[in-house]
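The sequence and the model are shown below.

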Amino acid sequence: MVEHAALWLPARRRGLIVGPAPTVAPGPGEIVIRAHAVAVNPFDRYIQTMGDVITSYLTYPAVPGTDVAGEVLAIGAGVTRFAPGDRVVGQAAGLEKSRNRAAEGAFQEKVLLLAHMTAPIPAHLSYEQAAVLPLGLSTAACGMYQKDFLGLAAPQINPVPTGETLLVWGGSTSVGSNAIQLARASGYEVITTCSPHNFGYVRSLGASEAFDYNSPDVKRTIIGALRGRKMAGAIAIGQGSAQACMEILAQSTGRRFVAQATPPTSFDSVPAGKGRWRKLVPSVARMIMGNLALTLRSYRLGAATRIIWAGSLIHNDVGPMIYETYLPKALAQDAYRAMPPAYVVGHGLGHVPEAMEQQRRGVSARKLVVTL
């Protein structure tokens, strides 16, 4: 059996180890790529420390990772969009309940991808920069286009203005960087929040106005700026963002719906080993209380909210709309930018845990990438 190297999570709450993995042939609607770059996301850390809570269905040993770019090695039956040698970027689905297999985890040399969740990379875009896209792009797309979320107009190369405005709280993040661009491609004006040193960055992506989310008057300032504008809703990224967005939308005209990209509390302080329960119990309690508080506030303000699961677009029309219809043409015509900028931590799977730890400590307006 042909083997390649993979970064394994051998069991719940264990350390990541590099070891051999079997190279699986693609089935119908699948492709196999040789990975050249992977990016890390907070979800990757949570799988290691909180997998028994948030992905209790996961089969071990598992290969984590979602964001990957590389070269097509083989295609399965029915795949007509790709051929061996093509440069592609895709969302690996191995951690999804409906897929749940190590061959589809991103953190390995050869990755099995769903063809409809994969897009070609134009010659001017490097593997490293392309790898920043999938999970941030998919999270934004789920919140913006799924019918049970904001249900916005589909993105186009030449968008038709809708006359509506989308609030993106946390515009310099990975999800925010994609939400701003997608909203503009769908014909919406965008106002956003971030740190002042990122104002120029979010405006370069298409935001018409940016506000400092650390300002004590930020909500009142945004409400004033939105006077006379019709809202399409909001995407909330970061702790406390959903409540802030609900309060703003309650004072504005238009749709009062907040798509949550971030849960009410962080689990970054929960270790995988010693001291886990001492950190886990209060974190779970804060999560429950935070969700309850948001539910009660949504009733009081008349502003609905729902948390995004970024893998849900695999099973509906949003996935193909993004990865088959819009993204290939948009990237090729330089109408869409792979953002935030990639920062390469190192070369080789052994550097992935280092990148995950660096991300836990905090990054701003960039995404951490490992080359393979």
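In strand β9, Glu-189 is the bridge partner of Thr-165. The model is predicted, with local features requiring pLDDT of at least 70 and side-chain atom pairs pLDDT 80 or more, while totals for chains, interfaces and linings use all residues. Residues are numbered from 1 along each chain as its sequence is written, and side-chain values use heavy atoms, without hydrogens and water.

Strands (E, at least two residues) and helices (H or I, at least four) are DSSP runs, numbered from the N terminus. Strands pair if DSSP finds at least two bridges between them. The pairings of β8 (residues 164–169) are as follows.

| Partner of β8 | Sense | Bridges |
|---|---|---|
| β9 (residues 189–194) | parallel | five bridges |
| β11 (residues 230–236) | parallel | six bridges |

Val-168 stands opposite Ile-235 in β11. Five of the six residues of β8 are buried, so this strand is largely enclosed by the rest of the structure; buried means under 20% relative accessible area (1.4 Å probe, protein chains only).

A separate contact involves two helices. The axes of α1 (residues 42–54) and α10 (residues 352–361), lines fitted to C-alpha atoms over the stretch in contact, come within 9 Å and cross at roughly 105°. The helices α1 and α10 are therefore roughly perpendicular, a term for angles of 65 to 115 degrees. Pro-42, Asp-44, Arg-45 and Gln-48 of α1 meet Met-356, Gln-359 and Arg-360 of α10, with heavy atoms within 4.5 Å counting as contact.

Definitions and conventions
Axes fitted to C-alpha atoms, helices over the stretch in contact; angles between N-to-C directions. Parallel < 35°, antiparallel > 145°, perpendicular 65-115°, else oblique. Buried < 20%, exposed > 50% of the residue type's maximum accessible area, 1.4 Å probe, protein only.
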